[in-house]
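Subject: Structure for you to look at

Hello,

Here is the structure I said I would pass on. Please open it first, then read the notes below with it on your screen.

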Amino acid sequence: MKKFLTAAIAATIAVSSMGVASAAEAQSRGGYDQRQDHRGDRADRRDDRRDDRGDRRDRREDRRDDRRDHRNDRREFRQDQREDRREYRQDQRAYARWQQSQRRYNAGRYYAPRGYQTRSWSYGQRMPSYYRSNQYVVSNYGQYGLRAPPRGYHYVRSGNDVVLAAVAGGLITAVIAGLFN
């Protein structure tokens with residue numbers, strides 16, 4: 001019995017090895033090759049991956065373009081703000097700290113507040129609260145060739161000079177000397 005089993009196993013091995021040899025022979029002669037079929041599948045998968053990569057690249061480039069557009073918008077906004085600030089500073093500089101009046105006007109006699117005397121003021125000083133009364137504020141500035149004061153400021157007469165001072169604290173921003181006779 002043992003001999004019979006051994007012979008059957010040997011015959012099976014021999015037949016299977018012949019089948020492998022015939023398949024190898026068919027491959028070498030250009031017969032059907034399963035590996036080539038798998039290679040085609042791999043190539044298709046590679047092409048699909050390349051298409052996916054291309055789509056991803058396109059989406060990535062679109063996002064980059066969007067970011068660039070937003071960045072450019074922010075830059076333009078900052079430039080506009082910078083220009084606005086520059087124009088504002090130029091307007092502020094139009095009120096020079098100290099100016100000599102080009103023309104003199106008659107505005108009647110000047111009386112200093114009680115306890116004060118006429119003095120020359122300069123940039124950065126503070127005017128006392130007595131000067132902020134209607135008697136000393138120049139409200140008809142257009143008649144004297146003055147520009148409209150900025151918001152929160154007014155012109156105050158002190159002797160023959162006019163001072164541009166803050167309404168709230170009296171901080172002097174500009175002095176126009178010799179405006180009145």
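**What was found**

The charged end of Arg119 sits over the ring of Trp121, at 3.9 Å from the ring centre. Please keep in mind that this is a predicted model.

**The chain as a whole**

The protein chain has two helices and five strands. Reading along the sequence gives the pattern α-α-β-β-β-β-β. Of the 181 residues in the chain, 20% are buried. As for contacts between residues at least 6 apart in sequence, 51% of them join residues at least 24 apart.

**Aromatic rings**

How many aromatic pairs does a search of the whole structure find? The search finds seven. A pair of aromatic rings is described by the distance of the centres and the angle of the planes.

One of the pairs is formed by Tyr110 and Tyr136, with 6.0 Å from centre to centre and 65° between the planes, which is edge-to-face. Both of these tyrosines lie in the loop between β1 (98–100) and β2 (137–138), so the pair ties together parts that are 26 residues apart in sequence. Tyr110 counts as buried because its relative accessibility is 16%, under the cut-off of 20%. Tyr136 is buried too, with a relative accessible area of 6%.

Trp121, the residue under Arg119, also has a ring partner, Tyr131. The centres of these two rings are 5.8 Å apart and the planes are at 85°, so this pair is edge-to-face. Trp121 and Tyr131 are both in the loop between β1 and β2, so their pairing ties together parts 10 residues apart in sequence. Both residues are buried.

Ring pairs also link Tyr110, Tyr116, Trp121, Tyr130, Tyr131 and Tyr136 into a cluster.

**The second largest pocket**

The second largest pocket holds about 210 Å³ of space. Which residues of its lining are the closest to its centre? They are Ala107, Tyr110, Gln135, Tyr136 and Arg157, out of 13 residues that line the pocket.

Is His154 buried or exposed? His154 is buried, because its relative accessible area is 13%, and the cut-off for buried is under 20%. The residue is in strand β3 (residues 153–158). Leaving aside neighbours within four places in sequence, His154 is in contact with Arg132, Val137, Pro149, Val163, Leu164, Ala165, Ala166 and Val167.

Ala168 is in the loop between β4 (161–166) and β5 (172–177). Ala168 is exposed, because its relative accessible area is 72%, and exposed means over 50%. Ala168 and Arg132 are 36 residues apart in sequence, and their C-alpha atoms are 9.2 Å apart in space. Arg132 is also one of the residues in contact with His154.

Regards

Definitions and conventions:
Residues are numbered from 1 along each chain as its sequence is written. This is a predicted model: local features need pLDDT of at least 70, side-chain atom pairs count only at pLDDT 80 or more; totals for chains, interfaces and linings use all residues. Side-chain values use heavy atoms; hydrogens and water are left out. Helices (H or I, at least four residues) and strands (E, at least two) are DSSP runs, numbered from the N terminus. Buried means under 20% relative accessible area, exposed over 50%, partly exposed in between (1.4 Å probe, protein chains only). Contact means heavy atoms within 4.5 Å. On a 1 Å grid over the protein atoms alone, a cavity is a set of points where a 1.4 Å probe fits but cannot get out, and a pocket is an open set with protein on both sides within 12 Å along at least five of seven lines; lining residues have an atom within 4 Å of a point. Grid points are joined across faces, edges and corners, and a volume is the space filled by probe spheres set on the points. Rings of Phe, Tyr and Trp (its six-membered ring) pair if their centres lie within 6.5 Å; planes under 30 degrees apart count as stacked, over 60 as edge-to-face and the rest as tilted. A charge sits over a ring if NZ of Lys or CZ of Arg is within 6 Å of the ring centre and within 35 degrees of the ring normal.
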